[in-house]
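Thank you all for coming.

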Amino acid sequence: MTDDNGKIIEPEITVEKDEPGGPSAAPAAEGLVVAADTLPNQLPIIPLRPRPCFPALLIPLAANGPQQMAAVRQAAESPSRAIGLVMVRDLEARDTPDNLHVVGVAAKILKILHADDDSIHVMVNCLERFVIEEAIPSKRMLAARVRYQYAPELSVNPELKAYSIAIIATLKELVQINPLYSEEIKLFLNRSSMEDPGRLADFAANLTSADGLELQRILETFDVRKRIDMVLILLKKELEVSRLQTKISKSIEEKVSAQQREFFLREQLKAIKKELGLEKEGKDTELEKFEKRLRKLKLNAEAQKAVEDEMEKLSLIEPHSPEYTVSRNYLDWLTSVPWGVYSRDSYNLPRARRILARDHYGLDDVKERILEFIAVGKMKGDISGSILCLVGPPGVGKTSIGHSIAAALNRRFFRFSLGGMRDEAEIKGHRRTYIGAMPGKFIQALKTAGTANPVLMLDEIDKIGASFQGDPASALLEVLDPEQNFSFRDHYLDVPFDLSNVLFIATANQLDTIPRPLLDRMEVIRLSGYILEEKLEIARRYLIPKALKNHGLKREQVAIRKAALVKIIDGYAREAGVRNLENQIKKIMRRAAMSFAEENRAEPIVIGPQEVETYLEKPVFTAEEIFEGTPGVVTGLAWTSLGGATLQIEATAMPSKAKGFKQTGQLGSVMVESSEIAYSYVMAHLSEYGAAEDFFDNHFVHLHVPAGATPKDGPSAGVTMTTALLSMILGKPVMRKLGMTGELTLTGHVLPIGGVKEKTIAARRAGLKTLIFPAENRKDFDELPEYLKEGLTVHFAATYPEVYRVAFGDRRKAART
């Protein structure tokens, strides 16, 4: 309704839904009226989101907010009951005339379905397209003056008919894929004709799931042929999308059906087996397995309660639950640890002696210490609380001695390496809250050994590390403490386990890197190494037969003469152990095997001293050259990580107006201090040894230790350096075949040193006949085997004058063996 000036009248209307003939009821009977005769040029506008409407469609519409509700009331009060439906440009912007597209659809309100204070729901019949010519200002609603774009009446020609058929064919395919479209097609056919191409195109466009802008472009296309082209493209896209959706849905349904089918079949199979008594459920089988294990074990009270609680928990958990696996694994570990399972110890000393003699040659002092250990166990009744630490160079047999101890005691043996271990959890286990949690190495070792009193060898304990994940060495303190390990609590098991019956044997190459609190808990047994005679016998008894067997050779095929073995030991394998000697023998066997395999050789291979270099190339070591008869040169004895060695110390002096002292040979700080003490001692006692008191005032002294590329350090070269300086100053060489060692103080006292056995072995290897040791090392030398002391003249000096008398031939007052 408009006034005389052409403006829309905005009356206040009241909607009475239930009264017949009211605004909500469509006219009961109307004649067939052409839309052009009934649609006004001015319309209240309802903004649409997110897609437009098309003519010839019957749709429900919701008007929300004061503007839209006012527009619906205005239209419902008008004689035409017409309203404009226009899609907005920006879905997020406010409803303003500028935010509306130009083309919309005029619709007639058929019925008000619902009305309240916040919204009005109506059923509308979309009629014709229109173009907004001018927005009409209004505070209460959006309104516009419009120009209608009536659908032209087209004569059906073959081209349009073909387009219509194409649309209908595509719609049929869509219906086959998605039957929901069929209801909308039936509704359209009841109100329109399939022979009208324009209406058909609008209906097909509305049927698609295209976005609002694409549909708006179709709405704005007035040319029917162009519109049909655009709609056909949209329909083809919709068809592909529907096919893809159907394929995805079918794939998902197949997977779900397969899983459901498998589930039902498994349940049926389970029920059948249960009825026939063929098999029980997996959970019942697991629980029976754990109960069977428990009958053979003797758990402590806390562990027993933990097992019972966990089994009760497991019985209530479904097997498909993630917690089921965690609980099952925990029970598996709890019942796999040998609670109360012990092997019977053997304290048969003759048998233990035979086993040690069979497995090892030499090391008599070590064997005696182990036999003493077993004897104490026999008297006491058990050997609990014992932790041994075997210290020695590589290849001296530390690990194999552990095997022999286990065999002598009739115990299971398990070894694991601590070298490079940086995580505390490796010792005490992970807490069960972590994925993939496991017990520590000790619980794993007990499970593998199968008894609660095995021999556990902790290899390379001197190479244990530390990191941000914890300090494994500190975690070992509890394990290796007899006062604590009777109730060792692994983080994973979280119940106490008695480790006091385990015999721990640690191995190390040196003690310096082992933390002191950890070292205090262990009893140290040193393995110094082997001399040439011992290596010779070890090679003959063990290494050669083992190498022959491992290389598929027979005893009569390869023979290594004694002289050849001596040359191999002296020239290629001087280290304290026998590992490198074994490698050299393996190399000979490999080349011998190649000779037999390639040349079809029949005669045996005999290796003498002359053939050694043919098989092993040039010697790695040369004979230790002892510079004898030269003033200022003295042979010292040193200890290295590979065993003992000889050390030549040289001294010389150059005339100089200013005195000075220089040391070379890559000496460590302790060795430099020893040289300075020797220099000061000699300077203070020149007259006592018959030298000119002003010698150092007129000379620059140079002290050198050959093999400058090798770092050297330690305090035991003090007496050797002092003797070298005196020999240089007096111009007198020391006695032949002499070696010495000892730490010197400024007052001339000779202090004890370590490594007596290794230094004695080095002296024998170098052919020295006379040795000087500190007096306090007499007890260490006396403990050496007789075959090491045989042929040696050894002097024990408490002060340096005693060393001087032996070194320079005045032996009247020297203490000697």
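Predicted model: local features only at pLDDT ≥ 70, side-chain atom pairs only at ≥ 80, totals over all residues.

Let me begin with lysine 237, which forms a salt bridge with glutamate 214, the closest N and O atoms being 3.7 Å apart; by salt bridge I mean a side-chain nitrogen of Lys or Arg within 4 Å of a carboxyl oxygen of Asp or Glu. This pair links distant parts of the chain, since lysine 237 sits in helix α7 (residues 224–276) and glutamate 214 in helix α6 (residues 212–219), 23 residues apart. Helices here are DSSP runs of H or I with at least four residues, strands are runs of E with at least two, and both are numbered from the N terminus.

Residues are numbered from 1 along each chain as its sequence is written, and side-chain values use heavy atoms, with hydrogens and water left out.

Lysine 237 has 47% relative accessibility and therefore counts as partly exposed, where buried means under 20% relative accessible area, exposed over 50%, and partly exposed in between, with a 1.4 Å probe and protein chains only.

A second pair joins arginine 489 to glutamate 302, with the closest N and O atoms 2.9 Å apart. Arginine 489 is partly exposed at 32%, and glutamate 302 is partly exposed at 38%.

How many salt bridges are there by this rule? The count comes to 31, and Arg129, Asp202 and Arg227 are linked in a network of them.

Let me turn now to the helix pair. The axes of α22 (residues 669–684) and α23 (residues 718–730) come within 8 Å and cross at roughly 45 degrees, the axes being lines fitted to C-alpha atoms over the stretch in contact, with angles from 0 to 180 degrees between N-to-C directions. The two helices are therefore oblique to each other, given that angles under 35 degrees count as roughly parallel, over 145 as roughly antiparallel, 65 to 115 as roughly perpendicular and the rest as oblique.

The contact, meaning heavy atoms within 4.5 Å, is made by residues including Met671 and Tyr679 of α22 and Met721 and Leu725 of α23.
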